[in-house]
Amino acid sequence: MIDFRSDTVTKPTEAMLAAMITAKVGDDVFGEDETVNALEEKTAALFGMEAGLFCPSGTMTNQIAIKCFTQPLDEVITDQTAHVYRYEGGGIMFNSGASVRLLNGNRGIITDEMIEEEINPIGNVHHPHTSLVVLENTVNRGGGSCYFLKDIEPIYHLCKLKNLKLHLDGARIFNALAYTKDEAKLYGNYFDGISVCLSKGLGAPVGSVLLGSKQTIQYAKRIRKVLGGGMRQAGFLAAAGIYALDYHIDRLQTDHLHAKQLESCLLKLPFVKRVLPVQTNIVIFEIDDSRDAEKLVNQLKEKGILSGTFGKQTIRFVTHLDISKQQIEQTIEILSLID
């Protein structure tokens, strides 16, 4: 099967497995796993942040960050498509007791002007206290759309002016960087927290790293423990993350090329109504009203292609390191033959 359902479906390469098997480990809850420590330090340095915390998932790193940066009765501003709102099980309310102010960005990309309009006045007891802004890069439901640092800078300045924290859900941050050519280390100048996922575009089997100040990460460790995220000999997993950072970043351009090839094919098909402009490794397309996305996904499955629906007429493909050039060519051929 050619699996486009997500870039989370990748399997470790033989070289990554070798790195995992030979990892030096200890009890990470005691801070004694040297491979975990190395991953945290490496990721923090990469983004110009003081410290890092290795967690099982991006959902956990996001939820820990939100808990670090809010109090109950606070409000979080984010886009209505945001992963922290749509796909983290209502965790903002459950874990942090905070409400959410949703914006309608351009393919998930929000601006400082949009944010400023929705900041609640200080001291008005009728409104929750606005304390945090969350950005997502790349935006999943935006079809892998990206923020450039020039887009983030005015949001940072607004947050500083209004005394708000700024967190980045960097689920596919390396895909964004591969597209924008911005320098990763500059991100540390703008964000109070950054969640860096290792198990999507980079192909590690498990894990995300939360980045922040030493003080933030010290508190985050306590929240991770409460959420059950304290792992023991986690260095076997951290070694995969280190390998991914060393060897899988540069190859992301291949995934982007494959996504563009799928886009070109889809734009020519008579049953495709619209394709969101492809920037990175996510391809979202809408089919005409006479067709049903679920039925088309099942039809593709019968032909050896796995994909996912994003609505009654919308389908998503995600390219990744387990998708080869030959599989892209095969997929294009199959799509071209659909009646």
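Which helix gives the largest share of the lining of the second largest cavity? That share comes from helix α8 (residues 173–180), with three residues. Helices (H or I, at least four residues) and strands (E, at least two) are DSSP runs, numbered from the N terminus. The structure is a predicted model, in which local features need pLDDT of at least 70 and side-chain atom pairs count only at pLDDT 80 or more, while totals for chains, interfaces and linings use all residues. Residues are numbered from 1 along each chain as its sequence is written, and side-chain values use heavy atoms, with hydrogens and water left out.

The domain assignment, which is automatic or taken from a database, gives domain 1 (14–248) and domain 2 (251–337). Their C-alpha centres lie 28 Å apart. In the contact between them (heavy atoms within 4.5 Å), 22 residues of domain 1 meet 15 residues of domain 2. Between the two domains about 1,600 Å² is buried, and carbon and sulfur atoms give 52% of this area. On the domain 1 side, R107, N175 and H248 lose the most area to domain 2, together 29% of what that side buries. Buried area here is the accessible area (1.4 Å probe) that two parts lose on being put together, summed over both.

Next come the open spaces. On a 1 Å grid over the protein atoms alone, a pocket is an open set of points with protein on both sides within 12 Å along at least five of seven lines, whereas a cavity is a set where a 1.4 Å probe fits but cannot get out; lining residues have an atom within 4 Å of a point. Grid points are joined across faces, edges and corners, and a volume is the space filled by probe spheres set on the points.

The largest pocket has a volume of about 440 Å³. It is lined by 24 residues, and F69, K160, K165, D192 and T216 are the closest to its centre. At least two lining residues each are supplied by α3 (58–69), β5, α7 (149–162), β6 (165–170) and α9 (214–226). The lining has 10 nonpolar, 10 polar and four charged residues, where Ala, Val, Leu, Ile, Met, Phe, Trp, Tyr, Cys and Pro count as nonpolar, Asp, Glu, Lys and Arg as charged, and the others, Gly among them, as polar.

The second largest pocket holds about 300 Å³ of space. Of its 15 lining residues, D28, V29, G31, K221 and R224 lie nearest the centre. Helix α9 gives the most to this lining, with six residues, and α2 (34–46) and β2 (51–55) each supply at least two. By class, this lining has three nonpolar, five polar and seven charged residues.

About 40 Å³ lies in the largest cavity, whose lining includes T78, D79, V134, L135 and E136. The lining divides into six nonpolar, three polar and two charged residues. The second largest cavity has about 30 Å³ of space, and among the residues that line it are I173, F174 and N175. Its lining divides into five nonpolar, two polar and two charged residues.

Two details of the backbone complete the picture. Most residues other than glycine have a negative phi, and most peptide bonds are trans. The peptide bond from N137 to T138, however, is cis, with omega near 0°, and T138 lies in the loop between β5 and α7. R107 has a positive phi of about 55° although it is not a glycine. This residue, R107, sits in the loop between β4 (99–103) and α6 (112–117).
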